[in-house]
Amino acid sequence: MEKEGKFTKSFQDLKEYAKMYSDVFRLTLVEKSSKLLSLIIIIFVVLLLTVITLFFCSLALMYKLADIWHSQALGALGMAGIYLILIGVIYIFREKIFINPLIRQFSQILFDVDEPEEEEIKEDLTNPCEYDS
């Protein structure tokens, strides 16, 4: 009879543990998804504002180039050339500019990875690896 009571208590403890584990899992899921969603919204808003600003700056520069070169067609072509150069530079440095920072942000949110502190990075660079000898 006493063993049956211990078994029932152990089973109740196991059920309670499973419920707590599922609660922690759901809370973690809500936390990470809300952080991820907020990051996506921030990126979207910043990107939208950047595009609007770039559009108006492009128009102003195009009209200035047209005024300098006395031709609106040449001003538009000059602006197109500037955009082609900008696209080339962004394509060449796409990993440093976009891919690596996004992967870092997503991994920090999803896997709770902390960024190394600046002192840790400097220490790693100044001290050679102990395993090399």
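Lysine 32 counts as buried, with a relative accessibility of 14%; buried denotes under 20% relative accessible area, exposed over 50%, and partly exposed the range in between (1.4 Å probe, protein chains only). This residue lies in helix α1, which comprises residues 2-69. Helices are DSSP runs of H or I with at least four residues, strands are runs of E with at least two, and both are numbered from the N terminus. When neighbours within four places in sequence are set aside, lysine 32 is in contact with Ile109, Leu110, Phe111 and Asp112, a contact being defined by heavy atoms within 4.5 Å.

The structure is a predicted model, in which local features need pLDDT of at least 70 and side-chain atom pairs count only at pLDDT 80 or more, whereas totals for chains, interfaces and linings use all residues. Residues are numbered from 1 along each chain as its sequence is written, and side-chain values use heavy atoms, with hydrogens and water left out.

The chain contains four helices and zero strands, in the order α-α-α-α from the N terminus on. Of its 133 residues, 8% count as buried. The chain exposes about 11,900 Å², of which carbon and sulfur atoms supply 70%; accessible areas were computed by the Shrake-Rupley method with a 1.4 Å probe, and for residues only the protein chains shown count as cover. Among contacts between residues at least 6 apart in sequence, 40% join residues at least 24 apart.

Helix α2 consists of 21 residues (72-92), which at 1.5 Å a residue should span 30 Å; the end C-alpha atoms are 30 Å apart, in agreement with this value. The expected span is 1.5 Å times one less than the number of residues. The buried residues of α2 are Gly75, Gly78 and Met79. They cover an arc of only 95° around the axis and therefore lie on the same side of α2, the arc being that of the directions from the helix axis to the C-beta atoms. An α-helix has 3.6 residues a turn, so residues three or four places apart point the same way. On the other side of α2, Ala73, Leu77, Leu84, Ile87, Tyr91 and Ile92 are exposed. The N-terminal end of α2 is capped by serine 71, a side-chain oxygen of which lies 3.4 Å from the backbone nitrogen of alanine 73.

Rings of Phe, Tyr and Trp (its six-membered ring) pair if their centres lie within 6.5 Å; planes under 30 degrees apart count as stacked, over 60 as edge-to-face and the rest as tilted. By this rule, two aromatic pairs are counted. Phenylalanine 55 and phenylalanine 56 form an edge-to-face pair, at 5.3 Å centre to centre with 70° between the planes. Phenylalanine 55 is partly exposed at 47% relative accessibility, whereas phenylalanine 56 is exposed at 53%.

Key
Polar contact = N/O pair within 3.5 Å; in protein donor to acceptor, adjacent residues only side chain to side chain.
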